[in-house]
Amino acid sequence: MKHIVLTGGGTAGHVTPNIALVPVLRDAGYKISYIGSYDGIERKLIEELNIPYYGISSGKLRRYFDLKNFTDPFRVLKGFSESRKLLKQLKPDVVFSKGGFVTVPVVIAAKKCKIPAIIHESDMTPGLANKLCISSAVKVCCNFPETVNSLPKDKAVLTGTPIRQELLSGDPEEGRRFCGFTPDKPVLMVIGGSLGAASVNQHIRSILPQLLEEFQVIHLCGKGKTDESLAGTKGYVQYEYIKKELADLFALSDIVISRAGANAICEISALHKPNLLIPLSANASRGDQILNARSFERQGYSMVLEEEEITDESLLAAVRRLYADRHTYEQSMAESRQMDSIHHILSLIEECAQS
């Protein structure tokens, strides 16, 4: 039996594309193992799929001063040692990495063990973890055509991002029942990502009375970020994180507000949901979400409001404009050519596993 090791972690965005590949890998006869951090979000998500999970030590490489910068290199070295030992024990035919700092020691160890590794970059510009992995990978899958030019020509492959297929078959009526909503008002869904988005949450709650005059609101606000004072508010539901019912909630939603992580926006685009993107600011990140958002804006799929521009008034005006123009965005997304990412990546995996 062919054996693949998947790796990726730190945020849900580094795990969900791996999860999207699991059904086709199983259908293709692969035994699947997963290497992630000891206690990252990926552990729970993967163990729920009954996939053997192996935790390793991982450290983050930061571009700013932090005392952990002095200790994390030792964690990475420990992670490399653990990865090498695990790969020798598991003997996979191929490694597939979705990114995040936990993957760096795994991909480098795979090269040392002569196991082909494929890495995937969802954002327009490669993140630091993937930059460190490129020399050890045999192929680099990417999501944006613009990314291909910044990668080695013999490794870059434009594949798009794998979308969880179950998201495409949501039932709006099931979503309505789950939320306790009525059919007489449109639904706005706000997605802050698995880690939540404190400033977006704050502004949404600030304009909630005005929003509720026109919309019913589903608020996915991140771990530990629900507001108990709003529990029971008619037409408003809040959840830390939704997994099983997410497809139904998407199907119910008329418009979506989201961060601009590449996986999230690719899922929203595949579902043809008119969306307002609020990318993580360049002060708080390397600016990748801004590039992702502007690319989708240029293609007519998204409206963009940058974090520094948000006021209660600008956010409310943007939501109203998005709803008024929703059919234009739906049409642009419907006319886009969706890549069959899952089977494209599977064919690369098969090619590498056989070699």
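**Entry 1: cysteines**

I started with Cys142, which counts as buried at 0% relative accessibility. I call a residue buried under 20% relative accessible area, exposed over 50%, and partly exposed in between, with a 1.4 Å probe and protein chains only. The model is predicted: local features need pLDDT of at least 70, side-chain atom pairs count only at pLDDT 80 or more, and totals for chains, interfaces and linings use all residues. Residues are numbered from 1 along each chain as its sequence is written, and side-chain values use heavy atoms, with hydrogens and water left out.

Which cysteine sulfur is closest to that of Cys142? It is the one in Cys141, at 7.7 Å, which is too far for a bond. A disulfide here is a pair of cysteine sulfur atoms within 2.5 Å. Cys266 is in no disulfide either; its nearest cysteine sulfur, in Cys142, is 12 Å away. Cys266 counts as buried, at 11% relative accessibility. I searched the whole structure and found zero disulfides.

**Entry 2: the seven-stranded sheet**

Next I traced an open sheet of seven strands, in the order β3-β2-β1-β4-β5-β6-β7, with parallel pairing. Why do β3 (53–56) and β7 (156–158) stand at the edges? Each has a single partner strand, so one side of each is left without a neighbour in the sheet. On average, neighbouring strands of this sheet are turned by 25 degrees against each other, direction ignored. For such angles, axes are lines fitted to C-alpha atoms, for helices over the stretch in contact, and the values run from 0 to 180 degrees between N-to-C directions. Strands (E, at least two residues) and helices (H or I, at least four) are DSSP runs, numbered from the N terminus. Two strands pair if DSSP finds at least two bridges between them.

I then looked at β1 (residues 3–7). Five of its five residues are buried. In a regular strand the side chains alternate between the two faces of the sheet. In β1, His3, Val5 and Thr7 lie on one side and Ile4 and Leu6 on the other, and both faces are covered. Five bridges join β1 to β2 (residues 31–37), and the two run parallel. Ile4 stands opposite Ile32 in β2. On to β3: four bridges join it to β2, again parallel. There, Gly36 stands opposite Gly55 in β3.

**Entry 3: the six-stranded sheet**

What is the strand order in the open sheet of six strands? I read β10-β9-β8-β11-β12-β13, with parallel pairing. β10 (236–239) and β13 (302–304) are at the edges, each with a single partner strand, so one side of each has no neighbour in the sheet. Neighbouring strands here are turned by 20 degrees against each other on average, direction ignored.

His219 stands opposite Gln238 in β10. Tyr236 and Gln238 point one way from β10, Val237 and Tyr239 the other way, and all are buried. Asn275 stands opposite Ser302 in β13.

I looked up the second largest pocket, which holds about 650 Å³ of space. It is lined by 30 residues; closest to its centre are Gly160, Arg337, Gln338, Met339 and Ser341. The elements giving two or more residues to the lining are α1 (16–27), α6 (145–148), α11 (262–270), α12 (288–298) and α15 (341–354). A pocket is an open set of points on a 1 Å grid over the protein atoms alone, where a 1.4 Å probe fits, with protein on both sides within 12 Å along at least five of seven lines; lining residues have an atom within 4 Å of a point. Grid points are joined across faces, edges and corners, and the volume is the space filled by probe spheres set on them.

**Entry 4: two loop residues and a helix**

Most residues other than glycine have a negative phi. Asn50 has a positive one, near 60 degrees. Asn50 is in the loop between α2 (41–47) and β3, and is exposed at 68% relative accessible area. Lys91 also has a positive phi, about 50 degrees. It is in the loop between α3 (72–90) and β4 (94–97), and counts as exposed at 61%.

Last, I checked Leu208 in helix α9 (residues 208–214). Leu208 is buried, at 3% relative accessible area. Leu208 and Asp312 are 104 residues apart in sequence and 9.9 Å apart in space, C-alpha to C-alpha.
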